[in-house]
Amino acid sequence: MAMDLVGDLLARLDQLNAIGAALSKERDTDALLEGILIAAKNITHADGGTLYRMTEDGSALRFEIMRTNSLDIFLGGTTGRPIEFPLLQLVNADGSFNDSMVATYAAIHDRTVNIADAYAEEGFDFSGTRAFDQRTGYRSQSFLTVPMKNHDGEVIGVLQLINAQEPDLDRVVTFSEADQRLVESLASQAAIALSNRQLIIQLEELFESFIHLINMAIDDKSPYTGGHCNRVPELTMMLADAVDATEDGPLASFKMSERDRYELKIAGLLHDCGKISTPVHVVDKATKLQTLFDRIVLVDTRFEVVRRDLEIAALKRQLALRPCVDPVAEAQVAAACTTEQATLDEEREFIRKLNRGTEYFHEGTLARLQSLSERRRWSSPQGQDAPFFTDDEMENLSIRRGTLTAKERDIINYHIVATNRMLEQVPWPKHLRNVPEFAGGHHERMDGRGYPKGLMRHEMSLQARMLGIADIFEALTAADRPYKAGMKVSKALEIMVRFKKNGHIDPDLFDVFMHQAVYRRYAERFLDADQMDVVPATAPEPAAG
């Protein structure tokens, strides 16, 4: 018999060690709490149990998980079934300690309570237990209540077990001294595991809050990029989930753990952190002549000055015809002035339209601009004859597509260099060490013509290529840019099909993007209703090879 007891104890010690190792690896808090309670029930052969956690302010115990096998009660934890019992307050309304309940007593006095029979025990209020038994037909008898203390010696919860079962016999017994020591050891391990998990969560939340601070700073600089910083990670994770769910094709073997997902999420949040160093007047450049303000107002002023000069010159010519009144001659002068002013108005509208940068710049447009620049002059505030446009204005008005000069585009593109430099300075832990590569590669191309490193497809991780697709689709469809309207989904997909064919984006990933309708899920969540036009019914053909 003694050998059997020793063997049982050794087996339970082995089980306790295995439980401790498993708890230290568990990342999900609900699963961790559930594992603690189930482990305690198993090593003590308890029929039921409850795990309480201390509230954040330390004033009460909160029901987290309840399990009673014989009554099929499974509440809290990973079951998704909430526990709606009120909190167990540690202090009464009169300021005295509420130590009449076993769980609160254990928490207040940091002491294990082992009760053989609740109905015969004096000093504790078991009225709630008796009412429960009366409703359910249950008989609550033996109780083992153990406080859970973290590494700082603070009680962070209470583990309570009910009705120890004698192995192989259908009867309730008292929790033994060995049971108590095992549960106390388990409670200590569990509290440390829970504290570590909470500390990790707090550190992750702190880290993510700093990331959001960076994005908030970018948002404050430019309201046109803050949405981008938040939407790209969302779309990236949608695509990652779609690839993870793929069961055939070249990406069927790609699977992501929770750690992999978190690493990619962080990379997505940080993919444009370098924009914090980009001048806002370049990021927000809505027209070709915009700097800190839109210089079209200066050009408009010059046109107005020339217009008035024409009118003044015409009036002077009419006055020169006096004192003889020649209505015909005066009418001819007025008509000539009107014609010149009409030409001037056409030129002004041409420049205004050109400044918007919404249409492609043809050679004929450039020739007309150059002709206008050579022919048109104006009188400066100093009364001097001056060129109508400055050299910088001509450079900006001559932009063939969009609103950025080559120099300004380089400034915009530099944000990815700044992103890489910033992220490479961070001492990333092992599970986040790929963040710089994921985030820093979203402007690379599959054919090696991207930036900043000119990487080829095989030199990039799949995650970096996912970010590239998400970044492009978000930029095409974004409705909050100052220089363009949000593109319709079908038009954006047409462009991305061309990008797939010309080596800009990963063809296999784009096939998943289409086949699993990632674009549609994103559009339904983030885009305006008028952008949700008819989209291709079938995915583009797979890339050869």
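With a disulfide taken as a pair of cysteine sulfur atoms within 2.5 Å, the count comes to zero disulfides. This is a predicted model, in which local features need pLDDT of at least 70 and side-chain atom pairs count only at pLDDT 80 or more, while totals for chains, interfaces and linings use all residues. Residues are numbered from 1 along each chain as its sequence is written, and side-chain values use heavy atoms, with hydrogens and water left out.

A disulfide is a covalent bond between the sulfur atoms of two cysteines. For Cys273 the closest cysteine sulfur, that of Cys229, is 8.9 Å away, which is too far for a bond. Cys273 is also buried, with a relative accessible area of 1%, where buried means under 20% relative accessible area, exposed over 50% and partly exposed in between, for a 1.4 Å probe and protein chains only. Cys337, at 7% relative accessibility, likewise counts as buried.

Helices (H or I, at least four residues) and strands (E, at least two) are DSSP runs numbered from the N terminus. Helix H7 covers residues 258-270, and its 13 residues should span 18 Å, which agrees with the 18 Å between its end C-alpha atoms; the expected span is 1.5 Å times one less than the number of residues. The buried residues of H7 include Tyr262, Glu263, Leu264 and Ile266.

Turning to the aromatic rings, a search of the whole structure finds 14 aromatic pairs. Rings of Phe, Tyr and Trp (its six-membered ring) pair if their centres lie within 6.5 Å, and planes under 30 degrees apart count as stacked, over 60 as edge-to-face and the rest as tilted. The rings of Tyr52 and Phe63 have centres 4.8 Å apart and planes at 55°, so this pair is tilted. It links distant parts of the chain, since Tyr52 is in strand S1 (residues 46-54) and Phe63 is in strand S2 (residues 60-68), 11 residues apart. Tyr52 is buried at a relative accessible area of 5%, and Phe63 is buried at 15%.

A second tilted pair joins Phe513 and Tyr519, with ring centres 6.2 Å apart and planes at 45°. Phe513 is buried with a relative accessible area of 0%, and Tyr519 counts as buried at 4%. Both belong to a cluster in which ring pairs link Phe473, Phe510, Phe513, Tyr519, Tyr522 and Phe526.

Finally, a charge sits over a ring if NZ of Lys or CZ of Arg is within 6 Å of the ring centre and within 35 degrees of the ring normal. Arg139 lies over the face of Tyr119, at 4.0 Å from the ring centre, and Arg368 lies over the face of Phe350, at 4.2 Å from the ring centre.
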